[in-house]
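Subject: Structure handover

Hi,

Here is the structure for you to look at. My notes on strands, salt bridges and surface follow below it.

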Amino acid sequence: MPDQETIRCVLMRGGTSKGLYFHESDLPVPGPARDVLLKRLMGTPDVLQIDGLGGSRPITSKVAIIAPSTRDDADVEYTFAQVSIDSDEIGYTGNCGNISSGVGPFAIDEGLVPAVEGVTEVRIHNTNTDKILVAHVPVADGKAKVDGDFALPGVPGTGAEIVMDWSGTVGAKTGKLLPTGNAVDIIELSDGSRVEATICDAGNPAVWVRASDFGLTGSELAELNDNAELIGKMRELRGKAAVLTGLCEDWHEADRTSPGIPLAGFVAPPASYSTLNRADVAAGDMNLRCRLLFMNRLHESIAGTGSVCLAAASRVPGSVVASVMQTRVPGTLLIGHPSGVTPVRVEADESVHFGLLGFSRTARRLMDANAYYPRSTFAER
């Protein structure tokens with residue numbers, strides 16, 4: 001076309017997120033030109049992303065960039081990008097657990113990793129965190145399987161179970177499970193309130209607080225997005241946690257300089273509630289409830305890295321997360337979130353060293369296509 005260019009990409013659902021997957025060789029080198037292109041492809045900035053491929057929500061405005069690895073301990077290199085929606089920004093500060101679950105199938109189907117019938121192990125070097133993830137991907141006839149009987153809350157139907165091992169991602173951004181060295185930190189907010197928080201770094205850094213300390217039950221759903229006062233307090237809490245972990249210098253700038261991390265979430269003891277799809281969840285089906293805020297909005301389920309971090313924090317004696325658990329299942333944390341209950345595998349010794357830390361997801365290739373973008377995209381850059 002005379003006024004448009006094309007670039008090949010694959011639209012994939014990974015876990016409860018959706019994004020564009022690229023071969024790194026098809027993109028400009030890292031820098032302003034790449035950022036401009038990715039934002040234009042997504043339709044950012046625009047609250048609806050109506051002129052791009054983004055889905056107007058943080059969980060559908062994501063990018064995976066993949067290449068063969070030259071490392072001895074990895075098969076592929078993977079860079080994650082979170083594209084903002086209504087602001088002209090793109091972030092590379094952290095990883096996305098759900099999008100990560102699509103990297104193995106992409107690598108197999110694109111011929112980056114030889115397919116092994118039954119299960120293919122894909123060692124993934126995440127460049128955002130400089131950590132290794134291992135995906136165990138079901139394979140049949142040389143391609144990643146799609147059909148299976150594993151159900152993931154937040155995704156209709158069932159699919160082939162992809163087991164993700166994140167035990168190598170403790171201290172993903174800060175080098176420590178507890179970046180401040182404390183199981184609990186007291187964070188003082190501008191209104192004078194003092195909040196007990198656990199700041200933990202596994203998968204991605206996150207700050208966890210009790211729902212009750214913010215006047216919540218822990219079963220809230222989309223109404224959280226309309227509570228401007230609450231969102232404002234959580235923005236401040238997340239910003240001050242970012243300062244404590246060295247991710248930014250001024251908490252007021254956290255949304256700009258470190259928009260995706262740390263994650264921030266409310267936790268509460270088990271209780272019965274109804275999901276976003278009006279399904280009933282019994283208190284006995286979970287170990288705790290969690291409501292995660294991502295990009296200052298309620299996450300419709302729970303981020304993959306958030307679930308890893310929450311599971312790790314649950315094994316820290318005296319943590320806020322440990323304090324709300326009323327039951328404990330050996331080797332597993334059952335998280336009650338807005339879309340249902342998700343299990344996370346977690347095995348730790350008394351010194352909180354992890355033998356296993358991970359989760360299962362499904363993924364599916366939705367479209368293999370040429371994406372169009374105007375030639376004028378780079379005209380004024």
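**Strand pairing**

Strand β1 (residues 4-14) pairs with strand β23 (residues 363-374) in the antiparallel sense, over 11 bridges. Strands count as paired if DSSP finds at least two bridges between them. Helices (H or I, at least four residues) and strands (E, at least two) are DSSP runs, numbered from the N terminus. In this pairing, Met12 stands opposite Arg365 of β23.

Before going on, note that this is a predicted model: local features need pLDDT of at least 70, side-chain atom pairs count only at pLDDT 80 or more, and totals for chains, interfaces and linings use all residues. Residues are numbered from 1 along each chain as its sequence is written, and side-chain values use heavy atoms, with hydrogens and water left out.

β1 also runs antiparallel to strand β2 (residues 17-23), joined by 5 bridges. Val10 has Tyr21 in β2 as its bridge partner. β1 and β2 form a hairpin with 2 residues between them. Gly15 sits in the turn and has a positive phi of about 60 degrees.

**Salt bridges**

Side chains of opposite charge can pair when their charged atoms come close. The rule here is a side-chain nitrogen of Lys or Arg within 4 Å of a carboxyl oxygen of Asp or Glu. The count by this rule is 21 salt bridges.

- Arg123 and Asp75 meet through their side chains at 3.1 Å, N to O. Arg123 lies in strand β6 (residues 118-126) and Asp75 in the loop between β3 and β4 (76-83), so the pair ties together parts 48 residues apart in sequence. Burial classes use relative accessible area: buried is under 20%, exposed over 50%, partly exposed in between (1.4 Å probe, protein chains only). Arg123 is partly exposed at 25%. Asp75 is partly exposed at 22%.
- Arg365 bridges to Glu110, with the closest N and O atoms 2.9 Å apart. Arg365 lies in strand β23 and Glu110 in the loop between α3 (103-109) and β6, so this pair ties together parts 255 residues apart in sequence. Arg365 is partly exposed, at 25% relative accessible area. A network of salt bridges links Arg8, Glu110, Arg365 and Asp368.
- Arg210 and Glu196 meet at 2.8 Å, N to O. The pair links distant parts of the chain, with Arg210 in strand β14 (residues 204-210) and Glu196 in strand β13 (residues 194-202), 14 residues apart. Glu196 is partly exposed at 32% relative accessibility.

**Inside**

What charged residue is buried yet has no salt bridge? It is Arg289, in strand β18 (residues 288-294). The nearest side chain of opposite charge is Glu220, 6.3 Å away. Lys and Arg count as positive, Asp and Glu as negative; His and the chain ends are not counted. A polar atom of the Arg289 side chain lies 2.6 Å from the backbone oxygen of Pro269.

Helix α6 (residues 304-314) has 11 of its 11 residues buried, so the helix is largely enclosed by the rest of the structure. Among them are Cys309 and Leu310.

**Surface**

Gly246 is found in the loop between α4 (228-244) and α5 (254-257). At 61% relative accessibility, Gly246 is exposed. Its C-alpha atom is 16 Å from that of Ala197, 49 residues apart along the chain.

Val47 lies in the loop between α1 (32-42) and β3 (62-68). Val47 is exposed, at 54% relative accessible area.

Notes
A polar contact is a pair of N or O atoms within 3.5 Å; within protein, one must be able to donate a hydrogen and the other to accept it, and residues adjacent in sequence count only if both atoms are side-chain atoms.
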